Amino acid sequence: MTIGGAIRLLLYSPKSFLESVMRIPIIAKMIPDRAFISIVYRLRHKHRINLNNPQSFNEKLLWLSLYDRRPVYTRMVDKYEAKIWMIKSLKSEEKDISCIIPTYGIYNHYDEINFDKLPESFVMKTTHDSGGVAVVYDKTHLDHASAKKKLEKSLTRNYFWYTREWPYKDVKPRIIIEKKLETIEKSPIDYKIYCFNGVAKYLYLVQDRDVGETVDYYDMNWNHLPIKQVYPNNSKRPQKPECWSELVECAEFLSKGIPFLRVDFYVDKDGHYYIGELTFTPSSGLSPLTPAEWDYKFGELLVLPEKQNSIV
């Protein structure tokens with residue numbers, strides 16, 4: 001951010017300015033996790049967080065970030081290691097592993113990639129954060145300078161210091177290249193299933209990322225719920241995919257024994273489902289649900305484990 005940009009942000013949005021300052025690496029590392037979470041939560045939710053006796057969904061998600069730090073969580077959010085973990089887990093129960101998106105390669109830097117060995121289309125993304133993605137429809141028209149700049153910049157960033165989502169802290173930054181799924185929609189529908197201790201309860205549905213992202217919530221019977229979060233609802237009500245029961249079964253299997261896990265899926269044009277990623281803290285626990293009563297309805301379902309020892 002330029003000095004001029006910082007001044008404008010300070011004048012027009014002091015709260016956003018404060019968040020930006022707190023995320024400067026040298027400053028972020030001086031702020032204890034619990035203090036950071038408490039400050040940013042208050043800025044976003046406009047009230048204090050109750051970490052001593054959390055009740056809402058977002059409060060409990062952030063409590064888990066502080067006090068449920070199982071080493072396996074780091075593997076589960078690593079976009080490469082998660083595939084290995086899921087394949088092993090699914091195979092252990094003789095379950096289908098065709099839901100794992102094929103990987104073409106894993107690299108430490110952009111310059112290591114041999115594009116001659118890649119198919120015409122593919123997806124490049126960083127393994128350790130959110131947003132470091134480049135979708136390639138035709139590699140002969142790939143803007144290498146732009147893609148490299150985006151991905152290499154992402155590789156230098158430790159996502160943990162921006163959100164304090166603990167599972168991301170020790171993920172090794174790499175570039176993964178995987179199969180680009182062919183879907184009916186230009187922008188694939190993202191089916192994100194909310195699982196509470198291994199039981200699927202809600203669906204977070206993302207549509208139209210290419211023209212204007214929308215978000216809708218559904219229950220497990222595909223009833224639309226009157227909830228808004230950051231993005232507007234969509235007037236389109238997509239049909240339940242034919243493989244819906246398989247998505248739910250897979251999500252519940254992968255989330256067994258975990259207080260909360262969001263399992264993301266895509267469905268290709270042939271009706272086959274694939275797992276996108278696993279997430280422990282949707283929207284980093286910082287995006288209010290509207291109406292607010294839903295934050296507490298979700299929170300009632302999230303049973304917290306015993307607090308673990310942690311440095312916060």
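**Close-up views of a predicted model**

**View 1. Gln 229 in the loop between E8 and helix H10 (244-254).** Helices (H or I, at least four residues) and strands (E, at least two) are DSSP runs, numbered from the N terminus. This is a predicted model, in which local features need pLDDT of at least 70 and side-chain atom pairs count only at pLDDT 80 or more, while totals for chains, interfaces and linings use all residues. Residues are numbered from 1 along each chain as its sequence is written, and side-chain values use heavy atoms, with hydrogens and water left out. Gln 229 is buried, at a relative accessible area of 4% (buried means under 20%, exposed over 50%, partly exposed in between; 1.4 Å probe, protein chains only). A polar atom of the Gln 229 side chain lies 2.8 Å from the backbone oxygen of Ser 287. Beyond four places in sequence, Gln 229 touches residues including Tyr 204, Tyr 217 and Pro 288 (contact means heavy atoms within 4.5 Å).

**View 2. The buried residues of helix H11 (residues 293-301).** Trp 294, Asp 295, Phe 298 and Gly 299 are the buried residues of this helix. They lie on the same side of H11, because they cover an arc of only 145° around the axis (the arc is that of the directions from the helix axis to the C-beta atoms). Their cover includes helix H4 (33-45), helix H5 (57-67) and the strands E5 (190-196), E6 (199-207), E7 (214-219) and E8 (224-225).

**View 3. Thr 214 in strand E7.** Thr 214 is buried, with a relative accessible area of 7%. The side chains of Thr 214 and Asn 234 are joined by a polar contact of 2.9 Å (a pair of N or O atoms within 3.5 Å; within protein, one must be able to donate a hydrogen and the other to accept it, and residues adjacent in sequence count only if both atoms are side-chain atoms). Among the other residues that Thr 214 touches are Leu 205, Tyr 231 and Pro 232. The C-alpha atoms of Thr 214 and Lys 269 are separated by 21 Å, the two residues being 55 residues apart along the chain.

**View 4. Thr 127 in the loop between strand E2 (122-126) and E3.** Thr 127 is buried, and its relative accessible area is 0%. A polar atom of the Thr 127 side chain lies 2.9 Å from the backbone oxygen of Lys 172. Residues touched by Thr 127 include Val 77, Tyr 80, Ile 106 and Ile 176.
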